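Dear colleague,

I am handing over the structure we spoke about, and my notes on what was found in it follow below. Please read them with the model open beside you.

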Amino acid sequence: MTHRGDWTGDGLEDVVARVGDEVRVYPGRVGGTLGSPVRLRTGLPSDARLVAIGDATGDGRTDLVVSTGGKLWLYENDWTHRPAVREPRLIGTGGWSPMTLTAPGDADHDGRPDLLARDTRDGTLWLYRGLAGGGVGARTEYLHGWTTAARPLLAGAADADRDGRADLWATTSEGTGTLLFYSGGTSASGEPTDGPRTTVGLRSWNTIRALS
């Protein structure tokens, strides 16, 4: 499940989810409820993981990135037939199977949304910079030590604290299971990275199965 942007044209944020082999959009409603789902696409493999990355192509509409079979695909928003997506376009040719994906927004302030990918083998979190047209470019290390045991779930928070930097949420296995907020920062070399952390949830977050 993922969320970011309006897929139906009513000005409200919607939720996108994979149900079986389908990608569905659940329209947002006034008051925070969800409407009946609309199918965007069928035939997704069982290992498919998706994230609403934001406006990857520069057309003003939110798009989807899907990881499956070790590859990364861009599903562009087809606004003319909304809610709908165009045929997927390959933007990552290999090595994506062990990655946990999340969308931080525009972490490097170049006007394009970026992608965070956690390598579940060693806990390294990589920042993939968004390219013009919707692809992803060279990666830089965002942080390390975020194994699935130490930080079970993570989610890009965009600029949640309005300081102009991309932020991040993460659950922990510490104590009774806390929720942490990481305010975005900048490394000594000027690269985007995690900043100060704040505990915003005191307990039971280790029982949560998904964070988006």
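Counted by class, the residues lining the largest pocket comprise 16 nonpolar, six polar and five charged ones. Please keep in mind that this is a predicted model, and that everything below is computed from it. The largest pocket holds about 750 Å³ of space, and of the 27 residues that line it, Met 1, Leu 50, Leu 101, Leu 211 and Ser 212 are the closest to its centre. Two or more lining residues come from each of β1 (2-3), β5, β9 and β13 (154-158), with β9 giving the most, namely five residues.

Leaving aside residues up to four places away in sequence, Met 99 touches Arg 49, Ala 117, Arg 118, Asp 119, Trp 126, Tyr 128 and Arg 139.

Trp 96 and Tyr 128 form a tilted pair, with 4.7 Å from centre to centre and 45 degrees between the planes; Trp 96 sits in the loop between β8 (89-92) and β9, whereas Tyr 128 belongs to strand β11, so that the pair links distant parts of the chain, 32 residues apart. Both Trp 96 and Tyr 128 are buried.Trp 169 and Phe 181 form another tilted pair, at 4.9 Å centre to centre and with 55 degrees between the planes. Because Trp 169 lies in strand β14 and Phe 181 in strand β15 (residues 179-186), this pair ties together parts that are 12 residues apart in sequence. Trp 169 is partly exposed, with a relative accessible area of 28%, while Phe 181, at 10% relative accessibility, counts as buried.

Finally, Thr 171 is placed in strand β14 (residues 167-171) and counts as buried because its relative accessibility is 1%, which is under the 20% cut-off. Not counting residues up to four places away in sequence, Thr 171 touches Ala 150, Arg 151, Pro 152, Leu 153, Thr 178, Leu 179, Trp 205 and Leu 211. Leu 211 is also among the residues closest to the centre of the largest pocket.

With best regards

Methods:
Residues are numbered from 1 along each chain as its sequence is written. This is a predicted model: local features need pLDDT of at least 70, side-chain atom pairs count only at pLDDT 80 or more; totals for chains, interfaces and linings use all residues. Side-chain values use heavy atoms; hydrogens and water are left out. Helices (H or I, at least four residues) and strands (E, at least two) are DSSP runs, numbered from the N terminus. Buried means under 20% relative accessible area, exposed over 50%, partly exposed in between (1.4 Å probe, protein chains only). Contact means heavy atoms within 4.5 Å. On a 1 Å grid over the protein atoms alone, a cavity is a set of points where a 1.4 Å probe fits but cannot get out, and a pocket is an open set with protein on both sides within 12 Å along at least five of seven lines; lining residues have an atom within 4 Å of a point. Grid points are joined across faces, edges and corners, and a volume is the space filled by probe spheres set on the points. Ala, Val, Leu, Ile, Met, Phe, Trp, Tyr, Cys and Pro count as nonpolar, Asp, Glu, Lys and Arg as charged, and the others, Gly among them, as polar. Rings of Phe, Tyr and Trp (its six-membered ring) pair if their centres lie within 6.5 Å; planes under 30 degrees apart count as stacked, over 60 as edge-to-face and the rest as tilted.
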